[in-house]
Structures are given as structure tokens and as C-alpha cells.
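Please read these points with the model open beside them.

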Amino acid sequence: MPQIDLSATTWVAADWGSTNLRLWLMTDDDKVVHKIQGPRGAAQLTGAEFGTELRALLAPVLTGRDGDPLEVIACGMVGSRQGWAEAAYQNVPAAPVNAVRARIVSDDRNELTVHILPGLQQLSPPDVMRGEETQIGGLLVSDPDFDGIVCLPGTHSKWARVSNGQVTSFATCMTGEMFSLLSEHSVLRHTIDTDSLDLASFETAASETLTRPDALLTRLFSVRAAALVSDARPGEAAGRLSGLLIGAEIGSLRGLWPDLPIAVLGASSLSGLYVRVLQAAGMSVTQIDAEHATVQGLAKAHRTLRRQMTSAAI
């Protein structure tokens with residue numbers, strides 16, 4: 001860790017997903033002191049290993065620390081059944097960040113007190129999210145009156161209807177996983193270079209399935225055929241496959257929420273592709289930094305817990 005003054009750290013924000021762990025060392029007024037990227041996500045750990053992993057990453061902060069255990073506010077798959085401890089889902093409609101219902105756990109040395117935020121579940125049609133709800137909560141910190149759709153691109157993209165400070169419904173699309181499966185384990189793997197994506201090919205393909213999402217299955221093999229009959233380059237094939245999938249995703253959903261503003265939260269490269277297609281569809285789109293939204297959502301939970309503790313002490 002670089003030579004950074006960590007003495008101002010009073011709590012830690014944590015986004016612990018299946019494959020990644022991000023920690024932000026925070027001040028009492030919710031400013032970021034330093035960011036730490038953990039090497040192991042929740043899917044790589046067993047229940048007993050979470051505390052050890054977290055304590056090792058936070059050792060520079062814990063060393064020489066006196067007083068109460070260091071407080072950690074965490075979201076993501078750390079709260080799943082296969083995580084550190086299960087934080088029960090909230091049923092929608094619900095406010096996206098509910099710190100009062102957080103699951104509280106400690107490491108085996110009692111140096112950390114971890115509040116794991118609950119995810120959201122939808123009973124009909126069945127759906128769940130963990131981690132994305134905290135990003136939505138962060139968006140509402142910046143824009144409490146937001147009334148529209150939040151799109152969170154990823155391996156499993158989420159589309160949430162947000163109104164009156166609540167997530168009222170949501171849908172999950174396995175678009176990113178489908179891209180991975182098709183590009184790595186189908187006949188298309190002979191054609192695609194996932195490290196280079198041709199943007200023109202992406203936009204052309206996205207326009208095809210945006211207007212005809214039902215045509216996706218009949219268009220997928222064209223990715224392979226184009227390489228055979230017209231010598232399409234691997235980057236063009238990657239762009240075409242991505243465009244077909246994202247275009248079909250947006251085309252199948254846009255009729256559910258017509259004329260509503262859309263906020264896209266996600267990694268800049270992937271979310272940028274979604275923004276392109278949404279704008280081509282004539283939608284009103286704003287792109288939001290997902291990391292900032294995550295920290296804002298975790299900080300909101302921290303403020304709620306701090307108020308709760310203050311009230312209990314009076």
C-alpha cells in the first residue's frame with residue numbers, strides 16, 4: 001500500500017461481488033481516504049475465510065488501532081447463501097438501501113464489525129439482485145426525485161423501475177454471460193477476438209435486433225458465416241455478436257417503460273455501448289459513474305446506522 005495517511009479512516013465501504021472485492025477507506029464525514037482492490041471475490045471463499053481475507057487487506061488500518069472494532073458496510077454476494085452470512089432479501093417495492101435490516105457479523109478476532117446490506121427480490125416474475133440495489137441507492141442520493149429506469153450493464157444486466165425513492169420492479173438479462181458462452185464455447189469461438197470490438201459492426205448489428213429482437217436466434221450464426229463467406233475480421237465478429245445481443249436485450253424491454261428517462265450505471269466501456277443503442281432507440285439517457293454511486297449508497301447506509309446508534313445512546 002502506498003504511503004498514505006490512514007489515520008482519518010473511521011469506517012470502510014465494501015463492494016464484495018462474486019469475482020471482485022473493492023474497499024474504500026472512509027472518513028467520518030464519508031470522504032474516501034484510499035481504495036483497495038481485493039484479489040478474491042465471494043465465489044472464491046468459504047464462510048470461514050471471509051473474515052481472514054478482509055482483516056488481511058485492512059491490516060494497515062487495524063495495526064495499532066485501539067477502541068471498538070472497525071466498522072465495515074458491505075454489499076454484494078458477500079450476503080448470499082454462499083457468502084459470509086446470508087442477508088435476507090427485501091421484497092419490492094422497497095427502498096434500495098435498508099441498513100436497518102443489515103446482517104451483522106464479526107471476524108474471529110473481533111477487530112471488525114461488518115454490516116452486510118440486503119439485496120432485493122421480486123416474487124413475480126421471480127428475480128433477485130445483490131449489490132446493484134446499493135448503486136441505485138447511491139443514484140438516489142444524488143437525484144432523490146429520479147423517476148425512471150436504471151440500467152446496470154454487466155454479466156447479468158439489471159433493469160429497475162424506480163419511483164418515489166423505491167425500486168418497484170426489475171428484470172435481469174443474462175446478456176454478458178451469453179456473450180461469454182457463445183464466444184468461448186460455441187462454434188462462434190473460431191471467429192471471434194474478444195479483445196478487439198469493431199464499433200461499426202456493433203452498431204449495425206444492434207440496429208437489426210433493436211427493431212427485431214425476435215430475430216436474434218436467426219442472426220447469431222451470421223457471425224460465423226460472415227467470416228467464411230466475406231472474410232470478416234475477428235474484431236468485426238466480436239462487434240457483431242455484442243451488438244446482436246445488446247440490441248435484442250434493449251429491443252425486448254423498451255416497450256415496457258416507454259417515454260421514461262434512463263440512467264445507465266456501469267463500467268465505462270460496457271455502459272457506453274448500452275448508451276449508444278439506447279440513444280439510437282430515441283431514449284433519454286444519462287450515464288452515471290457506477291463506482292461513485294456504490295460509495296454513495298454505502299455512505300447512505302453508514303449515515304443511517306450512525307443515526308440509529310446515536311438515538312439508542314440518548
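**Notes on the predicted model**

1. At a relative accessibility of 12%, D30 counts as buried; buried means under 20% relative accessible area, exposed over 50%, and partly exposed in between (1.4 Å probe, protein chains only). D30 sits in the loop between strand 2 and strand 3. Its phi is near 65°, a positive value in a residue other than glycine. Most residues other than glycine have a negative phi, and most peptide bonds are trans.

2. On sources: this is a predicted model, in which local features need pLDDT of at least 70, side-chain atom pairs count only at pLDDT 80 or more, and totals for chains, interfaces and linings use all residues. Residues are numbered from 1 along each chain as its sequence is written, and side-chain values use heavy atoms, with hydrogens and water left out.

3. The loop that holds D30 belongs to a hairpin: strand 2 and strand 3 have five residues between them, and D30 is in the turn. Helices (H or I, at least four residues) and strands (E, at least two) are DSSP runs, numbered from the N terminus. Strand 2 covers residues 21–26 and pairs with strand 3 in the antiparallel sense over six bridges; two strands pair if DSSP finds at least two bridges between them. M26 has V32, in strand 3, as its bridge partner.

4. Which sheet includes this hairpin's strands? An open sheet of six strands, in the order 3-2-1-4-7-6 and with mixed pairing, includes them. Strand 3 (32–38) and strand 6 (103–106) are at the edges; each has a single partner strand, so one side of each is left without a neighbour in the sheet. On average, neighbouring strands of this sheet are turned by 20° against each other, direction ignored. Axes here are lines fitted to C-alpha atoms, for helices over the stretch in contact, and angles run from 0 to 180 degrees between N-to-C directions.

5. Another open sheet has five strands in the order 12-11-10-13-14, again with mixed pairing. Its edges are strand 12 and strand 14 (285–289), each with a single partner strand, so one side of each is left without a neighbour in the sheet. Neighbouring strands of this sheet are turned by 20° against each other on average, direction ignored. Within the sheet, strand 10 (residues 148–152) and strand 11 (residues 157–163) run antiparallel and are joined by five bridges. One of the pairs is V150 with A160 in strand 11.

6. N164 is found in the loop between strand 11 and strand 12. Is N164 buried or exposed? With a relative accessible area of 74%, N164 is exposed. Its phi is near 55°, a positive value in a residue other than glycine.

7. Two cis peptide bonds deserve a check. The bond from V92 to P93 is cis, with omega near 5°, and P93 lies in the loop between strand 5 (90–91) and strand 6. The bond from S124 to P125 is also cis, with omega near -10°. P125 is in the loop between strand 8 (120–122) and strand 9 (127–129).

8. M174, M178 and L181 make a nonpolar surface patch of about 260 Å². Patches are made of residues with over 30% relative accessible area and no salt bridge; like charges are joined within 9 Å, and nonpolar side chains (Val, Leu, Ile, Met, Phe, Trp, Tyr) within 5 Å. A salt bridge is a side-chain nitrogen of Lys or Arg within 4 Å of a carboxyl oxygen of Asp or Glu. Accessible areas come from the Shrake-Rupley method with a 1.4 Å probe, and for residues only the protein chains shown count as cover. M174 is partly exposed, at a relative accessible area of 46%, and lies in the loop between strand 12 (166–173) and helix 4 (175–185).

9. P234 belongs to helix 7 (residues 234–253) and is partly exposed, at 40% relative accessibility. P234 and A206 are 28 residues apart in sequence and 17 Å apart in space, C-alpha to C-alpha.

10. Helix 8 (residues 268–280) has 13 residues and should span 18 Å at 1.5 Å a residue; its end C-alpha atoms are 18 Å apart, which agrees. The expected span is 1.5 Å times one less than the number of residues. Buried residues in helix 8 include L273, Y274 and V275. G282, with a positive phi near 85°, follows helix 8.
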